[in-house]
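Open the model in your viewer and keep the sequence panel beside it.

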Amino acid sequence: MRSLILSALGLGLLANGLYMLLAPAAWYPAVPGVSATGPFNPHFVRDIGAAYIVAAGGLLATARWAQAWPAAIAGSSFLLLHALVHVFDALQGRVAVDHLINDALLVLAPALAALALSWPRQAATAGRHG
């Protein structure tokens, strides 16, 4: 089940990242609440899209090979830091607080799920000696 959820998260992040990278002008108005965060900047959207693709790769690798968990932790760390930027912006009044409802579902929940599922299981770290 863990691998299935990691795969689903990874594929979703990959799709989003590719959309951002290949069609930033279409992605920007398509995602609820994004336009409230500031003016459209295609370079910035592509930068974040690239980071989403890297995060997706870590999750997908870990879904296939449990020992790839460090890659998933790194990608999940980006997702969590990105989510915390959204929370911070809302708390600072840069976006409406009700914007956090969208962010909770589209940004924060996937980040927390990815991090929780990326954490190594005993089998992934067995045989490693520090």
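## Whole chain

Colour by secondary structure: from the N terminus on, the elements of the protein chain run α-α-α-α-α-α. The radius of gyration of the chain, taken over C-alpha atoms, is 16 Å, close to the 14 Å that the globule rule (2.2 Å times the number of residues to the power 0.38) gives for 130 residues, so the chain is as compact as a globular protein of that length. The count is six helices and zero strands; helices (H or I, at least four residues) and strands (E, at least two) are DSSP runs, numbered from the N terminus.

This is a predicted model, in which local features need pLDDT of at least 70 and side-chain atom pairs count only at pLDDT 80 or more, while totals for chains, interfaces and linings use all residues. Residues are numbered from 1 along each chain as its sequence is written, and side-chain values use heavy atoms, with hydrogens and water left out.

Switch to the C-alpha trace, which spans about 50 × 30 × 25 Å along its principal axes. Then show the surface: the accessible area of the protein chain comes to about 7,500 Å², and 70% of that belongs to carbon and sulfur atoms. Such areas come from the Shrake-Rupley method with a 1.4 Å probe; for residues, only the protein chains shown count as cover. Of the 130 residues, 33% count as buried, meaning under 20% relative accessible area, with exposed over 50% and partly exposed in between (1.4 Å probe, protein chains only).

Contacts (heavy atoms within 4.5 Å) can be displayed next. Among those with a separation of 6 or more, 70% are between residues 24 or more positions apart.

## Single residues

Select N16, in helix α1. Leaving out residues up to four places away in sequence, N16 touches W27 and Y52. N16 and Y52 are 36 residues apart in sequence, and their C-alpha atoms are 7.3 Å apart.

A distance drawn from H43 to F78, 35 residues apart in sequence, reads 18 Å between C-alpha atoms.

D47 is also found in α3; at 38% relative accessibility, D47 counts as partly exposed. From D47 to D103, 56 residues apart along the chain, the C-alpha separation is 19 Å.

L60 is the next stop in α3. L60 is partly exposed, with a relative accessible area of 26%. Beyond residues up to four places away in sequence, L60 touches S7, G10, L11 and L14. L60 and A114 are 54 residues apart in sequence and 11 Å apart in space, C-alpha to C-alpha.

Now select H99, in helix α5. Is H99 buried or exposed? H99 counts as buried, at 8% relative accessibility. Its contacts, not counting residues up to four places away in sequence, are G33, V34, A36 and T37.

## The largest pocket

The last stop is the largest pocket, with a volume of about 800 Å³. Of the 33 residues that line this pocket, the closest to its centre are M20, W27, V34, H82 and H86. On a 1 Å grid over the protein atoms alone, a pocket is an open set of points where a 1.4 Å probe fits, with protein on both sides within 12 Å along at least five of seven lines; lining residues have an atom within 4 Å of a point. Grid points are joined across faces, edges and corners, and the volume is the space filled by probe spheres set on the points.

The largest share, seven residues, comes from α5.

Colour the lining by residue class to finish: 20 residues are nonpolar, ten polar and three charged. Here Ala, Val, Leu, Ile, Met, Phe, Trp, Tyr, Cys and Pro count as nonpolar, Asp, Glu, Lys and Arg as charged, and the others, Gly among them, as polar.
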